[in-house]
Amino acid sequence: MNTTVVPPAAAPRPVADRTAVGHHLALPLFRSLSGTLAGHPYLKVVVDRFEDTWHLLDTAVHPFHVDYIATRVLGMQPAELDACLDAFNASVYMAPDRRFLLGVLSLHTDEDTDGRRRPFLVLETTEADTMDGPLLEEFYTFVRHRLDGRLPLLLKPANHGQEQALAPVSDIRVPRILSHELFGHRTRTPLNPGEAAGRLRHFRTTEEYTAASATLGGSDIIAMPCLPDDVPRVAGFINTAATTPLSHTNVLAAGWGIPNAIVRDLDRLIETESLDGGWVRYLVTEDDISLVPLAAATVPAAPARHRQRIRLRTPLLDDIAARPLRRLRLADQNRYGTKAANLGELHHVLDTRTADLTAFHGRPRPPRPDLYRHLAARLGMTQPAAPGELRSAAADFVTDTVSVPDGIALPFGLQHRFLRSSPALRKGIIRLKAALDRGAPEAVEPLCLRLQQLVRTTALPDEVAREIVRALPTGPAAGRRLVVRSSANAEDLPGFSAAGVYTSVTSVYGADQLLDAVREVWASLLSPRSVRLRHQAGISLDDTYMGVIVQPYLPAALGGVLVTCNPTKRSDFRNVCLNCSPGSPEAVVDGTGLPLQYLYNTVEGGGRTVALGSSGTDLPAATRERLAHLALAGRLLQSHFSAPDVDRPLDIEWLMTDQGAFHLVQIRPYAR
């Protein structure tokens with residue numbers, strides 16, 4: 001039996017084109033022409049203002065508006081369109097006197113006051129469309145008059161600009177629905193694509209999960225309202241309550257290559273299909289989520305676990321000198337850790353303004369040879385811009401938009417000297433390595449916990465303590481609150497992010513607290529979870545070291561995470577995803593609150609609100625515009641930090657002060 005959580009696409013139809021021109025639209029015609037996207041039937045619409053008619057495109061034959069208009073209405077050859085695609089797009093999506101109005105009709109259902117399901121249609125344009133209020137009203141009115149009058153029609157603004165343009169227009173003349181109202185509370189949402197066969201383990205409470213955590217293994221698919229950050233590596237995740245694609249657990253899912261989705265009605269599915277505890281095949285794609293019960297004969301005898309092999313650069317342990325972050329570069333990651341080296345490199349990029357931050361936009365996106373013209377427009381430049389001018393403008397834009405808090409980096413050598421100073425620590429590490437080598441998981445956890453306690457309580461050698469205390473600010477900054485962060489050589493790596501695995505201490509004052517905080521960060525390298533995850537990835541305990549970053553605390557009005565991709569649609573090269581909540585970024589990544597979620601188009605421009613999270617209200621328009629600048633800055637930094645594969649996205653933690661200044665506190669690869 002196949003339990004399909006999101007309805008599958010319609011079965012293939014004959015290739016005969018059934019595009020309709022000038023017809024009034026009722027549900028039977030809609031269904032005959034529509035395709036399916038994210039579980040909803042949809043239909044592409046072209047309004048020809050000159051001819052006072054509309055075209056209802058057969059989705060199976062005409063997947064793109066512009067191809068249909070160019071070849072079927074205007075008689076162009078495909079090669080002609082390819083040669084002038086950007087100009088043609090501008091004529092249909094941005095020209096105020098445009099001939100064509102392009103959009104999508106999608107079919108949805110809700111419940112009336114009597115609990116009966118009723119269908120309604122939603123009309124929207126593409127996210128890059130710049131229709132103003134009168135043009136949107138004209139588009140809506142044209143379509144409304146050609147629909148079955150029994151079908152309600154709502155207009156969904158495609159971006160923040162359209163929301164503002166519609167503000168003066170009466171919602172009686174143009175009924176509307178916002179994106180977060182339509183999709184923010186969806187029953188099912190893909191988070192990370194993947195496929196797995198495993199045992200479905202459903203926990204309705206954290207207590208149920210905790211009681212069974214010792215029995216969880218690599219062949220399990222865990223389903224619960226909010227997955228804990230210390231979840232072990234398993235076959236798949238299912239969230240039965242809303243979460244964000246940028247949570248630590250979804251970053252882990254992406255890094256491990258396992259499926260993850262929100263399925264709010266899993267209780268009903270489990271009850272009707274008797275899935276709990278049974279073997280299922282779990283598939284998550286961009287548009288579909290399915291759980292297929294497996295017959296006993298098809299259950300794998302011993303499910304194979306994907307085993308990453310992560311290679312670390314040889315750690316350099318001879319140096320114990322603390323250094324300002326500003327003096328570090330990427331090459332220092334084997335001495336001060338990946339996080340510190342990345343932040344040092346970011347300082348260098350901002351200080352020198354010499355890095356090429358245009359490479360992502362220079363990559364061919366067929367049929368376009370590059371996206372330089374779009375980048376020039378985003379930077380407010382007159383087109384065409386010479387390459388040198390574009391690079392300079394991009395560097396200036398990023399430097400004017402973001403900064404990095406100053407700080408001090410403590411090297412691996414300090415931790416190494418500390419471990420060598422204690423016979424008890426050396427013996428404990430030898431025992432832990434032996435337990436890992438002989439595959440004795442029951443012995444690993446108590447050994448780790450004992451080692452962590454030893455790290456917290458063992459006295460520091462004088463030379464180590466002196467070097468740590470040197471990281472304290474002096475002068476006017478003395479006595480300020482500090483943040484102490486991890487910077488291991490086994491984190492922030494392609495294929496091994498270690499998101500949420502190591503400890504940060506966010507409230508530190510004075511020398512004594514600083515020494516304790518550094519030991520707490522060092523101890524997190526030996527936590528049972530971090531040891532287990534590294535061992536599964538083939539990272540030896542002998543090769544793993546912890547550096548430490550000490551920075552002044554910055555109070556945040558807003559904080560969050562930006563990934564330079566669309567996590568739920570990896571083929572989307574236009575959009576970046578940004579999540580934020582009032583206060584520090586931790587509220588976003590640890591899943592304690594639901595953040596506001598945005599998508600920002602870094603090619604044609606514009607942004608849209610995906611979900612309001614726990615806030616309930618959207619940010620002011622001026623703040624959303626500032627976030628658009630942050631999104632573009634993140635995309636530009638991708639060109640440098642992801643080289644030579646400039647399509648590899650970044651994961652950036654950031655905060656915004658009360659004065660509106662953006663500070664980046666972490667930058668690392670985001671798993672694809």
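This is a predicted model: local features need pLDDT of at least 70, side-chain atom pairs count only at pLDDT 80 or more; totals for chains, interfaces and linings use all residues.

**Salt bridges**

I began with a network of salt bridges that links Arg188, Asp265 and Arg268. For a salt bridge I want a side-chain nitrogen of Lys or Arg within 4 Å of a carboxyl oxygen of Asp or Glu. Residues are numbered from 1 along each chain as its sequence is written, and side-chain values use heavy atoms, with hydrogens and water left out.

How many salt bridges does a search of the whole structure find? I got 35. Side chains of opposite charge can pair when their charged atoms come close.

I then picked out single pairs. Arg353 and Asp396 form a salt bridge through their side chains, at 2.7 Å from N to O. This pair links distant parts of the chain, 43 residues apart: Arg353 is in the loop between helix H12 (338–352) and helix H13 (359–362), while Asp396 is in helix H15 (residues 387–401). My helices and strands are DSSP runs, numbered from the N terminus, with at least four residues (H or I) for a helix and at least two (E) for a strand. Arg353 counts as partly exposed because its relative accessibility is 37%, and Asp396 is partly exposed too, at 28%. The cut-offs I use are under 20% relative accessible area for buried, over 50% for exposed and partly exposed in between, with a 1.4 Å probe and protein chains only.

Next came Arg118 and Asp110, whose side chains meet in a salt bridge at 2.8 Å, N to O. Arg118 has 41% relative accessibility and so counts as partly exposed; Asp110, at 25%, is partly exposed.

I also looked up Arg470 and Glu467, a salt bridge of 2.5 Å from N to O.

**An open sheet and its helices**

I traced an open sheet of 5 strands in the order S16-S18-S21-S19-S20, with antiparallel pairing. Two strands pair if DSSP finds at least two bridges between them. Which strands are at the edges? They are S16 (323–324) and S20 (505–508), each pairing on one side only.

Within this sheet, S19 (residues 482–488) runs antiparallel to S21 (residues 546–552), and 7 bridges join them. I found Ser486 opposite Val548 in S21.

Then I checked what lies across the strands. H12 lies across S18 (408–410), S19 and S21, at about 110° to S19. Helix H20 (residues 510–524) lies across S18, S19, S20 and S21, and runs at about 140° to S21. Contact here means heavy atoms within 4.5 Å. Axes are lines fitted to C-alpha atoms, for helices over the stretch in contact, and angles run from 0 to 180 degrees between N-to-C directions.

**S10, S14 and S15**

I moved on to S10 (residues 194–202), which is joined to S14 (residues 279–284) by 6 bridges in the antiparallel sense. Glu195 stands opposite Leu283 in S14. S14 also pairs with S15 (residues 289–293), antiparallel over 5 bridges, and the two form a hairpin with 4 residues between them. The bridge partner of Arg281 is Val292 in S15.

**H16 against H17**

I looked at how H16 (residues 412–420) packs on H17 (residues 423–437): the angle is about 100° and the axes are 6 Å apart. The two are therefore roughly perpendicular, a label for angles of 65 to 115 degrees (under 35 is roughly parallel, over 145 roughly antiparallel, the rest oblique). Phe418, Leu419 and Arg420 in H16 meet Leu425, Arg426 and Ile429 in H17. I sorted the residues of this contact into 4 nonpolar, no polar and 2 charged. My classes put Ala, Val, Leu, Ile, Met, Phe, Trp, Tyr, Cys and Pro as nonpolar, Asp, Glu, Lys and Arg as charged, and the others, Gly among them, as polar.

**Two buried residues**

Gly583 lies in the loop between S23 (575–582) and H22 (586–589), and counts as buried at 18% relative accessibility. Leaving out residues up to four places away in sequence, Gly583 touches Ala556, Ala557, Leu558 and Gly559.

My last stop was His374 in helix H14 (residues 372–378). His374 counts as buried, at 14% relative accessibility. With residues up to four places away in sequence not counted, His374 touches Asp86, Arg368, Val603 and Glu604.
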